[in-house]
Amino acid sequence: PPPLCGVSGRWNLAGGVVLLGVILCSGAGLTSDHDRILRLTRGSYNSSSEELTHLFKGGLTLWGKGNLLKTSVHKAFVKTIDNNFQNAQGLTKWLNGRRKKTNHIKCHNRVQIWAIEGEPGFFSYWDGPYIPTLRLLHKWPDILPKFFVDKNAVRPVLSGANIMCPGLLQPGCTLDDVRPGTIVAIMTPGISEAFAVGLARMGTAEIKEKRRGVAVTNIHCLNDFLWRYNVSMA
């Protein structure tokens, strides 16, 4: 079944990153966009699901550039964002101001992408809730709870590894209070931007109590396919 039921410095991305290829396909447009968006207001991801791990490491098969959201569907989209994310007032005001061109793109591996002005803003797996991309988080960093991980864990996470409890419990690492199944931004002390987005497998209290095991599923990180995607590639 589908896995249903958040001083300074910036990331320097220069240097040898291999761009993953895109496989292009033709296909029919999505049906019932308005109903599909409304469904995304319900449910959450299964915190124990392995299917979300490093979701974009193998690239994506895209069904073209997708459908441009109609006005009524765009309104439902923005309302869902406002309901599902903390501190989203600035984001929703930006989305509504001079209504942003938003494409809903269906992908072969059950992933859907919402590209805003040609840049990926949100994605979902099956009909699960929206997950913000890193590009969106770098513009609106406060819409997700934050987990800070030790700097020694950054390289493994960027290679696709999940986040373990010990890496979150080192000096200087702070964790917002969340429940299992919450989407979180993964950060490291001294860098002002998130470098990964993950799904909390444990709540904050459980992480501090158990102190071992996988704490967060690594879904999306810097330099994966989604980070490098733009609509012109479809």
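Helices (H or I, at least four residues) and strands (E, at least two) are DSSP runs, numbered from the N terminus. With that in hand, welcome to this predicted model, in which local features need pLDDT of at least 70, side-chain atom pairs count only at pLDDT 80 or more, and totals for chains, interfaces and linings use all residues. Residues are numbered from 1 along each chain as its sequence is written, and side-chain values use heavy atoms, with hydrogens and water left out. Let's start with the sheets and then move on to the helices, the core and a few loop residues.

**The sheet from E3 to E7**

- Five strands make an open sheet in the order E3-E4-E5-E6-E7, with antiparallel pairing; two strands are said to pair if DSSP finds at least two bridges between them.
- At the edges are strand E3 (67-68) and strand E7 (131-132), each of which pairs on one side only.
- Strands of a sheet pair through backbone hydrogen bonds, either parallel or antiparallel.
- Strand E4 (residues 102-106) pairs with E5 in the antiparallel sense over 5 bridges, and Asn103 has Ala115 of E5 as its bridge partner.
- On to the next pair: strand E5 (residues 111-116) and strand E6 (residues 119-125) run antiparallel and are joined by 6 bridges.
- In E6, Phe122 is the bridge partner of Trp114, while Pro120 stands opposite Ala115.

**A closer look at E5**

- Is E5 largely enclosed or left open? Of its 6 residues, 6 are buried, so E5 is largely enclosed by the rest of the structure; buried means under 20% relative accessible area, exposed over 50%, and partly exposed in between (1.4 Å probe, protein chains only).
- In a regular strand the side chains alternate between the two faces of the sheet.
- Both faces of E5 are covered, with Val111, Ile113 and Ala115 buried on one side and Gln112, Trp114 and Ile116 buried on the other.

**The sheet from E8 to E12**

- Another open sheet has 5 strands in the order E8-E10-E11-E12-E9, and its pairing is mixed.
- Strand E8 (146-148) and E9 are the edge strands with a single partner each, so one side of each has no neighbour in the sheet.
- E9 and strand E12 (residues 214-221) run antiparallel and are joined by 2 bridges; Val214 in E12 is the bridge partner of Met164.

- The 14 residues of H2 should span 20 Å at 1.5 Å a residue, and the end C-alpha atoms are 20 Å apart, which agrees; the expected span is 1.5 Å times one less than the number of residues.
- H2 has the buried residues Val73, His74, Ala76, Phe77, Val78, Thr80 and Ile81.
- Which residues of helix H3 (residues 89-96) are buried? They are Leu91, Thr92 and Leu95.
- Seen down the axis of H3, these buried residues fall within an arc of 95°, so they line one face of the helix; the arc is that of the directions from the helix axis to the C-beta atoms.
- Gln89 and Lys93 are exposed on the face of H3 turned away from its buried side.
- The cover over the buried residues of H3 includes helix H2 (71-84), E5, E6 and helix H4 (134-139).

**The nonpolar core**

- The largest nonpolar core has 66 residues; such a core is a set of buried Ala, Val, Leu, Ile, Met, Phe, Trp, Tyr and Cys residues joined through side-chain atoms within 4.5 Å.
- Phe77, Ile113, Phe122, Phe147, Leu168 and Ile186 have the most contacts inside this core.
- Leaving aside neighbours within four places in sequence, Leu168 is in contact (heavy atoms within 4.5 Å) with residues including Phe147, Ile163, Cys173 and Ile207.

**Loop residues to look up**

- Most residues other than glycine have a negative phi, and most peptide bonds are trans.
- Arg110 lies in the loop between E4 and E5, has a positive phi near 70°, and is partly exposed with a relative accessible area of 44%.
- Arg211 is in the loop between helix H7 (204-210) and E12; its phi is positive, near 65°, and it counts as partly exposed at 47% relative accessibility.
- Asn162 sits in the loop between helix H5 (154-158) and strand E9 (163-164), and its side chain reaches the backbone nitrogen of Asn218 at 2.9 Å.

Notes:
Polar contact = N/O pair within 3.5 Å; in protein donor to acceptor, adjacent residues only side chain to side chain.
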